[in-house]
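Q: I'm new to this one and would like a walk through it, please. Could we start with the overall picture and then go to single residues?

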Amino acid sequence: MSGTDKDLQCRELIAKAVVGKGHKFSQQTYTITPNHAPSTILGCWIINTTFQAAKSGDAVDVTGSFDVNLWYSYANNTQTEVTKQTVNFSVRVPLSFYDTNTRGDLEVVARAVEQPKCVKAELGSGGTVQVRVESEFAVEIIGETKVCVVVCNSCDDKDFGMSTEYDETSDDEFDDFESAGLLDDLD
């Protein structure tokens, strides 16, 4: 081995990394009040979803709004109308992990894994309609963290005692290995 172990040093690097992560599936029911007492619900859909996210303790609050478009018949199914109502929502997403050893400003990123959508609309009392909406949000917190790495003065001729020979008889160990599942374990 050329060079000595004293040529090796540890260095601390500051890097931006995902320091917190979480996701949540949710269902919420909202009450919509159309202009006329509905006889039958003909359709319901969600459009114009907007949201933002902010860290709050050990969770991330995703808040926003969407428009509920409700198509219904009234007057004993003789007329139809579409009513639009803007609904505000809030979903608290717990963090599955969070590294408290971060520095600097945190960036909170949220994405809709499943956009809010109507899964059920049914007639309620007093001319109202109960609309069940489901959605799923994933959040990440990005911040600065410290990483320790081993460095050397000159890597050109270093031999760290690692064998470059490959033992072909050990292939069986890795036949069933799937790396794609490794990231799922972090959630």
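Q: Before anything else, what sort of model is it, and how are residues numbered?

A: It is a predicted model, in which local features need pLDDT of at least 70 and side-chain atom pairs count only at pLDDT 80 or more, while totals for chains, interfaces and linings use all residues. Residues are numbered from 1 along each chain as its sequence is written, and side-chain values use heavy atoms, with hydrogens and water left out.

Q: How many helices and strands does the protein chain have?

A: The protein chain has one helix and seven strands, where helices (H or I, at least four residues) and strands (E, at least two) are DSSP runs numbered from the N terminus. Along the sequence they follow the pattern β-β-β-β-β-β-β-α.

Q: And how much of the protein chain is buried?

A: Of its 187 residues, 28% count as buried, meaning under 20% relative accessible area, with exposed being over 50% and partly exposed in between (1.4 Å probe, protein chains only). Among contacts (heavy atoms within 4.5 Å) between residues at least 6 apart in sequence, 76% join residues at least 24 apart.

Q: Now E81: where is it, and does it count as buried or exposed?

A: E81 is found in strand β4, residues 79-94, and it is buried yet has no salt bridge; a salt bridge here is a side-chain nitrogen of Lys or Arg within 4 Å of a carboxyl oxygen of Asp or Glu. The nearest side chain of opposite charge, K84, is 13 Å away, with Lys and Arg counted as positive, Asp and Glu as negative, and His and the chain ends not counted.

Q: Which side chains make polar contacts with E81, then?

A: The side chain of E81 has a polar contact of 3.1 Å with that of N35 and another of 3.5 Å with that of H36. A polar contact is a pair of N or O atoms within 3.5 Å; within protein, one must be able to donate a hydrogen and the other to accept it, and residues adjacent in sequence count only if both atoms are side-chain atoms.

Q: Changing topic, how many salt bridges are there?

A: The count comes to six salt bridges. One of them joins the side chains of D61 and R92, at 2.9 Å from N to O. D61 lies in strand β3 and R92 in strand β4, so this pair ties together parts that are 31 residues apart in sequence.

Q: What about E134 and K117?

A: Their side chains also meet in a salt bridge, at 3.9 Å from N to O. E134 is in strand β7 (residues 129-152) and K117 in strand β6 (residues 103-123), so the pair links distant parts of the chain, 17 residues apart. E134 counts as buried at 13% relative accessibility, whereas K117 is partly exposed at 38%.
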